[in-house]
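The sequence and structure come first.

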Amino acid sequence: AYDELTRLNNEMMTLQRELAKRNHELARLNALKNQFLGMAAHDLRTPLGVILSYGQFLLEEAGERLEEEQREFLATIISSSQFMLGLIDDLLDISQIESGELALDLQAVDPAAMAEHNVALNRLLAERKQIALHLSCQEGLPQMLLDRNKMDQVLNNLISNAIKFSQPGTVVQVRLEEAQGGVLLSVRDQGPGIPPEEQDRLFQPFGRTSVRSTAGEKSTGLGLAIVRRIVEGHGGRIWVESQVGRGSSFFVKLPGADVV
């Protein structure tokens with residue numbers, strides 16, 4: 001019995017060493033993958049920016065002299081370039097985050113002013129789709145220690161997503177309120193809703209669901225994954241409540257420990 005126990009113990013130690021070796025190799029390969037993504041995205045950004053800039057210049061300066069079909073070609077070049085630049089920015093963000101390099105520049109921020117700014121940025125997008133965009137902020141919210149640029153990214157993603165998946169004539173409601181000593185942000189839409197079995201995919205890189213945008217808007221599949229990392233980097237939490245046919249609500253809870 002003693003010999004058998006010794007043999008099993010030796011086998012277990014061998015398996016543990018092998019597992020540790022494989023985990024180390026996986027970590028090394030993951031780091032290389034993130035480094036490659038970052039380098040590739042960085043190198044692609046400049047030429048794509050040039051294509052976008054020249055396309056916009058041609059449309060603005062020579063648009064009136066071009067035939068309708070030629071203007072449509074230019075518009076396609078511009079929209080495709082904009083989408084690709086957005087994808088590259090997301091790839092740079094996710095590769096940086098996955099490498100453990102999410103650096104936050106924390107400053108005192110007025111959360112109500114931040115919400116008002118991001119709602120204003122998305123108002124034209126909502127109007128083009130004939131969607132009402134409403135903001136409700138509780139009075140007297142305290143300032144918080146936040147990375148303003150990254151939290152702008154969070155709000156802009158959630159609001160633009162709500163608009164993207166909403167039909168004309170519906171309402172997107174953005175609300176900011178104090179909750180349990182912290183601040184709770186919610187973005188509610190009246191869209192198609194997300195099936196329960198698909199909701200776990202939302203915050204995973206390239207996680208996709210069966211829900212489609214209402215006007216053919218494109219998505220990189222990285223936005224909510226980046227949003228989750230940013231929120232968690234602030235010590236917060238993000239979740240979704242959704243019902244098929246009744247719309248979706250995304251919630252971001254930022255803890256009171258960040259209130260100054």
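A pocket is an open set of grid points with protein on both sides within 12 Å along at least five of seven lines, whereas a cavity is a set of points where a 1.4 Å probe fits but cannot get out. The model discussed here is predicted.

The second largest pocket has a volume of about 210 Å³. Its lining is made up of Ser79, Ser80, Gln82, Phe83, Leu85, Gly86, Asp89 and Lys218. By class, these residues are 2 nonpolar, 4 polar and 2 charged.

There is 1 cavity of 30 Å³ or more in the structure. The largest cavity holds about 70 Å³ of space. Its lining has 10 nonpolar residues, with no polar and no charged ones; among them are Pro111, Met151, Leu185 and Val252. Helix 3 gives the largest share, 3 residues, while helix 4, strand 5 and strand 7 are also among the elements that supply at least two each.

| Pair | Centre distance | Plane angle and type |
|---|---|---|
| phenylalanine 203 and phenylalanine 250 | 6.3 Å | 80°, edge-to-face |
| tryptophan 239 and phenylalanine 251 | 5.3 Å | 15°, stacked |

Phenylalanine 251 has 6% relative accessibility, so it counts as buried. Arginine 237 lies over the face of tryptophan 239, 3.9 Å from the ring centre.

Technical notes
Residues numbered from 1 in each chain as written. Predicted model: local features only at pLDDT ≥ 70, side-chain atom pairs only at ≥ 80, totals over all residues. Heavy atoms only, no water. 1 Å grid on protein atoms, 1.4 Å probe; cavity = no way out; pocket = protein on both sides within 12 Å on 5 of 7 lines; lining within 4 Å. Points joined across faces, edges and corners; volume = space filled by probe spheres on them. Nonpolar A, V, L, I, M, F, W, Y, C, P; charged D, E, K, R; others polar. Helix = DSSP H or I, 4+ residues; strand = E, 2+ residues; numbered from the N terminus. Phe/Tyr/Trp six-rings, centres within 6.5 Å; stacked < 30°, edge-to-face > 60°. Buried < 20%, exposed > 50% of the residue type's maximum accessible area, 1.4 Å probe, protein only. Lys NZ or Arg CZ within 6 Å of the ring centre and 35° of its normal.
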